[in-house]
Amino acid sequence: MGEADAGTPSFEMTWSSTTSSGYCSQEDSDSELEQYFTARTSLARRPRRDQDEPVEWETPDLSQAEVEQKIKEYNSQINSNLFMSLNKDGSYTGFIKVQLKLVRPVSVPSSKKPPSLQDARRGPGRGTAVKRRTSFYLPKDAVKHLHVLSRTRAREVIEALLRKFLVVDDPRKFALFERAERHSQVYLRKLSDDEQPLRLRLLAGPSEKALSFVLKENDSGEVNWDAFSMPELHNFLRILQREEEEHLRQILQKYSYCRQKIQEALHACPLG
């Protein structure tokens, strides 16, 4: 990895998945937009379908000698060339693997097709303003390997991933999680912006069961309205209105059906 500019983390990425499965323009009809956004999936906090639970990890401070020893132990346990390296200034570099588990589509500059692997590696063009957007699904359960510094923060990892894929959505819509399997249970914890994923990787060791990283939507229960554009907010209002109308229609239909059955039962009863 080449030496990074001052204050700028260095990233390298490899793919282990295919490209996206579909896309649509934000200028498409409302019915097509609703394939990707619904009030329930975009605004409400849905119950988990797995056994992910919040858990606290201990992150002790390590001396320079302890860091060096940890790196030696880490490198002796891996079966690949994804080693960690100690730098002269006391920092270290290494690889983290991030699994993308995004339920909703992402927005990219409008084009005739989703960005290819080559497009993602080149990054967005400079000096070009994004006026139109295309939404498409990133590969399900895609896995990315990033070569990062020990001082690289979780927020920088998210921003780097979005830049690689030309994603123009607000980074605050996404969050980096650490996942662990313990005693047949799965635990999940959202990293704060300033946490350092490579440090967590070193402390946990190379085992994916002990620790892995997942990029997900930032569904905290509180909706961050400032993270949405004006067209998205107007679209949510239209969807909420339609869902309310549909819910009301279903309620009226249910009570109308019950009323009809009661009336039929009354007519069937013998008089006297």
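Modeller: Buried means under 20% relative accessible area, exposed means over 50%, and partly exposed lies in between (1.4 Å probe, protein chains only). This is a predicted model, so local features need pLDDT of at least 70 and side-chain atom pairs count only at pLDDT 80 or more, while totals for chains, interfaces and linings use all residues. Residues are numbered from 1 along each chain as its sequence is written, and side-chain values use heavy atoms, with hydrogens and water left out.

Colleague: Which residues in H6 are buried?

Modeller: Helices (H or I, at least four residues) and strands (E, at least two) are DSSP runs, numbered from the N terminus. Helix H6 spans residues 197–204, and six of its eight residues are buried, so it is largely enclosed by the rest of the structure. They are Pro197, Leu198, Arg199, Leu200, Arg201 and Leu202.

Colleague: Where is Glu208 placed, and which residues does it touch?

Modeller: Glu208 sits in the loop between H6 and strand S10 (212–217). It is partly exposed, at 34% relative accessible area. Contact means heavy atoms within 4.5 Å. Leaving out residues up to four places away in sequence, Glu208 touches Lys97, Arg179 and Arg201.

Colleague: Over how many bridges do S8 and S9 pair?

Modeller: Two strands pair if DSSP finds at least two bridges between them. S8 covers residues 174–182 and S9 covers 185–190. They run in the antiparallel sense, and the number of bridges is six.

Colleague: Which residue in the hairpin of S8 and S9 takes a positive phi?

Modeller: Most residues other than glycine have a negative phi. The hairpin has two residues between its strands. With a phi of about 55 degrees although not a glycine, it is His183.

Colleague: Leu166 also has a positive phi. Is Leu166 buried or exposed?

Modeller: Leu166 is found in the loop between H5 and S8. Its phi is about 60 degrees, although it is not a glycine. At 17% relative accessibility, Leu166 counts as buried.

Colleague: Which residue lies over the face of Phe177?

Modeller: A charge sits over a ring if NZ of Lys or CZ of Arg is within 6 Å of the ring centre and within 35 degrees of the ring normal. Phe177 has Lys190 of S9 as its bridge partner. Over its face, at 5.6 Å from the ring centre, lies Lys216.

Colleague: With which side chains does the side chain of Arg189 make a polar contact?

Modeller: A polar contact is a pair of N or O atoms within 3.5 Å; within protein, one must be able to donate a hydrogen and the other to accept it, and residues adjacent in sequence count only if both atoms are side-chain atoms. Arg189 lies in S9, and at 13% relative accessibility it counts as buried. Another, at 2.8 Å, is with Glu195.
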